Amino acid sequence: MTKNRSIYILGIESSCDDTSAAVICNGKVLSNVVANQEIHAKYGGVVPELASRAHQQNIVPVIQQALEQANIGKKDLKAIAFTRGPGLMGSLLVGTSFSKSLSQALNIPLIAVNHMQGHVLAHFIEDENQQKPPFPFLCLTISGGHTQIVKINSYASMEILGETIDDAVGEAFDKSAKILGLPYPGGPFIDKYAKLGNPTAFKFTKPKVDGLNFSFSGLKTGILYFVQKKVAENPDFIKENLHDICASIQATIIEILTDKMKAAVKQTGIKHFAIAGGVSANSGIREALKSFETKYGWTTYIPKFEYTTDNAAMIAIAGYFKFLEADFSTKNVIATARLKVHEN
């Protein structure tokens, strides 16, 4: 089917604060345009109302740019794939409404995509430098809103083995950074400074959680109390120890994640492990996972940086696999703020 014709899919992503559009042809990315929203930085987090307004401003030029970069016209598209959820409701509604209108105007199929499935399926983008995991494989999906270990049985079948019972790992990074007075989003700053510090300088208590589930709320509280106590003793504590604090926080978080990953491999016997989601851009997590290849005989799959944070290429590739199965949506499909990785 794909050998005989070019299947151009337009992907549209608007789940949070990045407006993105991408065009893929038979699984290969031709364009992947992302418009960031800088306005949220001064508020220390994403403001939903501002995010949805910015999506309305960005969506048309972003799609136009994606088509131009791909060197195709709207008439060449075979389907529109869009993020149905999970995400911020206002942001999702912008992408959903626009995608519905565009598919009707062009009279081509509409494909609703689960954002979290998109993160996982980014591993299957046609790229000569990217190794594709075989089914079944395990995937650690880590972002600002999610922390899950998922068993991936096929492009369409995913099963949650463990997930956070409270906060996500991305939030733990960002809140820790906020405690240290670092800008938002703080995760990349912790990663940056951690490279310069001693990961064993300070000890933070790891939560005890049953099975393959995670918890990060207690760790956040522990870090807050630790910093408050030390600053009361020495007002310059953060400034004098920033690199070591960041390294110790990051090392603790990585240990929490990798302990559960090792348990998942032991439980399932599957030694093919991938990571996905925005936090998978963290260099410490990437290095830890790569080290497991020689240490435990795992095969690890790490996505390109441009496919880790929210982007439309991952939505387009997920839409492509649905297109091949003629898994289309009706015009009655609605955005859903809460959607598990195994739900469509």
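Reader: Are Phe214 and Phe216 buried or exposed?
Author: This is a predicted model, where local features need pLDDT of at least 70 and side-chain atom pairs count only at pLDDT 80 or more, while totals for chains, interfaces and linings use all residues. Residues are numbered from 1 along each chain as its sequence is written, and side-chain values use heavy atoms, with hydrogens and water left out. The classes rest on relative accessible area: under 20% is buried, over 50% exposed, and in between partly exposed (1.4 Å probe, protein chains only). Phe214 is buried, and Phe216 is also buried.

Reader: Thanks! How many aromatic pairs does the structure hold?
Author: Rings of Phe, Tyr and Trp (its six-membered ring) pair if their centres lie within 6.5 Å; planes under 30 degrees apart are stacked, over 60 edge-to-face, and the rest tilted. On that basis, the number of aromatic pairs in the structure is 19.

Reader: What is the angle between the planes of Phe135 and Tyr155?
Author: These two rings form an aromatic pair with centres 5.1 Å apart. The pair is edge-to-face, with its planes at 90 degrees.

Reader: Why does that pair tie together separate parts of the sequence?
Author: Helices (H or I, at least four residues) and strands (E, at least two) are DSSP runs, numbered from the N terminus. Phe135 lies in the loop between helix H3 and strand S6, and Tyr155 in the loop between strands S7 and S8, so the parts being joined are 20 residues apart in sequence.

Reader: Which residue does Asp167 form a salt bridge with?
Author: A salt bridge puts a side-chain nitrogen of Lys or Arg within 4 Å of a carboxyl oxygen of Asp or Glu. For Asp167, the closest N and O atoms are 2.9 Å apart, and the partner is Lys220.

Reader: Where do Glu171 and Lys220 lie?
Author: The side chains of Glu171 and Lys220 meet in a salt bridge too, at 3.1 Å from N to O. This pair links distant parts of the chain, 49 residues apart: Glu171 is in helix H4 and Lys220 in helix H6.

Reader: Is Lys220 buried or exposed?
Author: The relative accessibility of Lys220 is 14%, so Lys220 counts as buried.

Reader: How far is Arg286 from the ring centre of Phe305?
Author: A charge sits over a ring if NZ of Lys or CZ of Arg is within 6 Å of the ring centre and within 35 degrees of the ring normal. Arg286 lies over the face of Phe305, and its distance from the ring centre is 4.0 Å.
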